[in-house]
Amino acid sequence: MLILRGEKLKMRAMEPADLDLIYQWENDPETWIYSNTYTPFSRFHLEQFILNSQGDIFTDKQLRLMITDPQGTTVGCADLFEFDARNRRAGVGILIAREFRRMGYASEALDIVIHYAHQVLNLHQLFCNIAANNKVSIRLFTQKGFEKCGHKKQWLLQQNHFTDELMYQLVFQV
């Protein structure tokens, strides 16, 4: 596996040309429940985020990678966040645009991120937080070896009801 390439997908750094897609995804209220977002992002704020990103996880403490299919269409993004170089860990999140879901892209993208985190960044572990009612994400992450390590009861308010949030981690074997 090349560093940021899988069987079908490639991952690349954000570019200013990605602004419209990121603006659309970040301002979709249906995805807010998964990202703990409660307010819309301005185009200006997102443009500044793209322009000011060093593209260096050690400097920014996060890294957003755009996911592209074999035709070069951007189908989603993956985030490494809360990067902690001293403890060699980071959070991970995957977003696949609605029209590209159920094509195996999230699975392959997560494989690429796991490989990159372990082999290139030399991380010891990845973690993610998933709403207990998000069965698709739970299945994806557990299939990749993530294990449940925490359970926060009534943690997230979704559509006027509280739901639990689960924490999963993947500890790389030495």
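Gln 159 is found in the loop between strand E6 (147-158) and strand E7 (161-171), and Asn 160 is found in that loop too. This is a predicted model, in which local features need pLDDT of at least 70, side-chain atom pairs count only at pLDDT 80 or more, and totals for chains, interfaces and linings use all residues. Residues are numbered from 1 along each chain as its sequence is written, and side-chain values use heavy atoms, with hydrogens and water left out. Helices (H or I, at least four residues) and strands (E, at least two) are DSSP runs, numbered from the N terminus.

- Most residues other than glycine have a negative phi.
- Gln 159 has a positive phi, near 50 degrees, and Asn 160 has a positive phi as well, near 70 degrees.
- Gln 159 is exposed, at 66% relative accessible area, and Asn 160 is exposed at 71%; exposed means over 50%, buried under 20% and partly exposed in between (1.4 Å probe, protein chains only).

**Cysteines**

- The whole structure has zero disulfides, a disulfide being a pair of cysteine sulfur atoms within 2.5 Å.
- For Cys 128, the closest cysteine sulfur is that of Cys 149, and at 8.4 Å it is too far for a bond.
- Cys 128 is buried, with a relative accessible area of 2%, whereas Cys 149 is partly exposed at 39%.

**Aromatic rings**

- There are three aromatic pairs in the structure; rings of Phe, Tyr and Trp (its six-membered ring) pair if their centres lie within 6.5 Å, and planes under 30 degrees apart count as stacked, over 60 as edge-to-face and the rest as tilted.
- One of them joins Phe 58 and Phe 83 edge-to-face, at 5.0 Å centre to centre and with 85 degrees between the planes.
- Phe 58 lies in helix H4 (residues 57-60) and Phe 83 in strand E3 (residues 74-84), so this pair ties together parts that are 25 residues apart in sequence.
- Phe 58 is partly exposed at 46% relative accessibility, while Phe 83 is buried at 6%.
- Phe 81 and Phe 127 also form an edge-to-face pair, with 5.9 Å centre to centre and 80 degrees between the planes.
- Phe 81 is partly exposed at 25% relative accessibility, and Phe 127 is buried at 7%.
- The charged end of Arg 43 sits over the ring of Tyr 23, 5.2 Å from the ring centre; the criterion is NZ of Lys or CZ of Arg within 6 Å of the ring centre and within 35 degrees of the ring normal.

**Largest pocket**

- The largest pocket holds about 1600 Å³ of space.
- A pocket is an open set of points on a 1 Å grid over the protein atoms alone, where a 1.4 Å probe fits, with protein on both sides within 12 Å along at least five of seven lines; lining residues have an atom within 4 Å of a point.
- Grid points are joined across faces, edges and corners, and the volume is the space filled by probe spheres set on the points.
- Helix H6 (residues 135-143) gives the largest share of the lining of the largest pocket, six residues.
- The lining of the largest pocket has 25 nonpolar, 13 polar and 11 charged residues, where Ala, Val, Leu, Ile, Met, Phe, Trp, Tyr, Cys and Pro count as nonpolar, Asp, Glu, Lys and Arg as charged, and the others, Gly among them, as polar.
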